[in-house]
Amino acid sequence: MFTRTIKLLTLFIVVLIIPLACEDLDAVFVDCEKCFSDKPEYATVSIRFTINKENPSVFYTLYSGSIECDSVIATDVANKSVIKWDLEPNRTYSVVAEYYNGGRFIYAVDGTHLKAKHNKSSCNYDCYIILGDELDVRLKY
């Protein structure tokens, strides 16, 4: 009897958790203060870099789509650990950062699909939330 109850409880928990595992948790737990009443034409994307003594500035290239598509939006130099770009939602973006470390070049790559998702249930009003608004090309030691 006890093992049957545990099995049923486990099955119940799995049935509840599996649908959430495929969802972006940012879409489930919405901060209504960061919600837009109108669909935004642009969303702010943060790109994170490693700025240190060996790399006081980092050369980077921002792409629309994947880096293989070679659709360059911009090439620039970051002097801060976080920079921001206003980009169109519902598109894919990628970034490549070039670091110098221990006498050799290291390239860090990241990509995201920037989405403006319509939210009907989390706030007291229909709104749009932004998902995929961070790119992280920091060095991982």
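Trainee: What should I know about the model before we start?

Mentor: This is a predicted model, in which local features need pLDDT of at least 70 and side-chain atom pairs count only at pLDDT 80 or more, while totals for chains, interfaces and linings use all residues. Residues are numbered from 1 along each chain as its sequence is written, and side-chain values use heavy atoms, with hydrogens and water left out.

Trainee: What is the average pLDDT of the protein chain?

Mentor: The term pLDDT stands for the predictor's confidence in each residue, from 0 to 100, and the protein chain averages 84, with 78% of the residues scoring at least 70. Over residues 20–27, however, pLDDT stays under 50, and for this stretch the model has 12 contacts beyond four places in sequence, a contact being heavy atoms within 4.5 Å. Where pLDDT is low, the predicted coordinates should not be read in detail.

Trainee: Why is C127 called buried?

Mentor: Buried means under 20% relative accessible area, exposed means over 50%, and partly exposed is in between, computed with a 1.4 Å probe on protein chains only. C127 has 0% relative accessibility, so C127 counts as buried, and C35, at 11%, therefore counts as buried too. By contrast, C69 is at 54% relative accessibility, so C69 counts as exposed.

Trainee: How do you know that C35 and C127 are joined by a disulfide?

Mentor: A disulfide is a pair of cysteine sulfur atoms within 2.5 Å, and the S to S distance of C35 and C127 is 1.7 Å, which meets that limit. A search of the whole structure finds one disulfide. The pair links distant parts of the chain, 92 residues apart, with C35 in the loop between helix 2 (25–28) and strand 1 and C127 in strand 7 (residues 127–131); helices (H or I, at least four residues) and strands (E, at least two) are DSSP runs, numbered from the N terminus.

Trainee: What makes this disulfide right-handed?

Mentor: The torsion about the S-S bond of C35 and C127 is about 75°, so the disulfide is right-handed.

Trainee: Which residues have the most contacts inside the largest nonpolar core?

Mentor: A nonpolar core is a set of buried Ala, Val, Leu, Ile, Met, Phe, Trp, Tyr and Cys residues joined through side-chain atoms within 4.5 Å. The largest one has 21 residues, and those with the most contacts inside it are I47, F49, Y99 and V137. At least two residues of this core come from each of strand 1 (43–48), strand 2 (58–64), strand 4 (82–87), strand 5 (91–101) and strand 6 (104–119), and strand 5 gives the most, with four residues. Leaving aside neighbours within four places in sequence, V137 is in contact with residues including I47, F49, V95 and Y99.

Trainee: Why is the pair of F49 and Y60 called tilted?

Mentor: Rings of Phe, Tyr and Trp (its six-membered ring) pair if their centres lie within 6.5 Å, and planes under 30 degrees apart count as stacked, over 60 as edge-to-face and the rest as tilted. The structure holds two aromatic pairs. The ring centres of F49 and Y60 are 5.1 Å apart and their planes are at 50°, so this pair is tilted. F49 lies in the loop between strand 1 and strand 2 and Y60 in strand 2, so the pair ties together parts that are 11 residues apart in sequence.

Trainee: What makes the pair of Y100 and F105 edge-to-face?

Mentor: Their ring centres are 5.3 Å apart and their planes are at 70°, so the pair is edge-to-face. Y100 has a relative accessible area of 38%, so Y100 is partly exposed.

Trainee: How many salt bridges does the count come to?

Mentor: The count comes to four, and among them is the one between R91 and E88, at 3.7 Å, N to O.

Methods:
A salt bridge is a side-chain nitrogen of Lys or Arg within 4 Å of a carboxyl oxygen of Asp or Glu.
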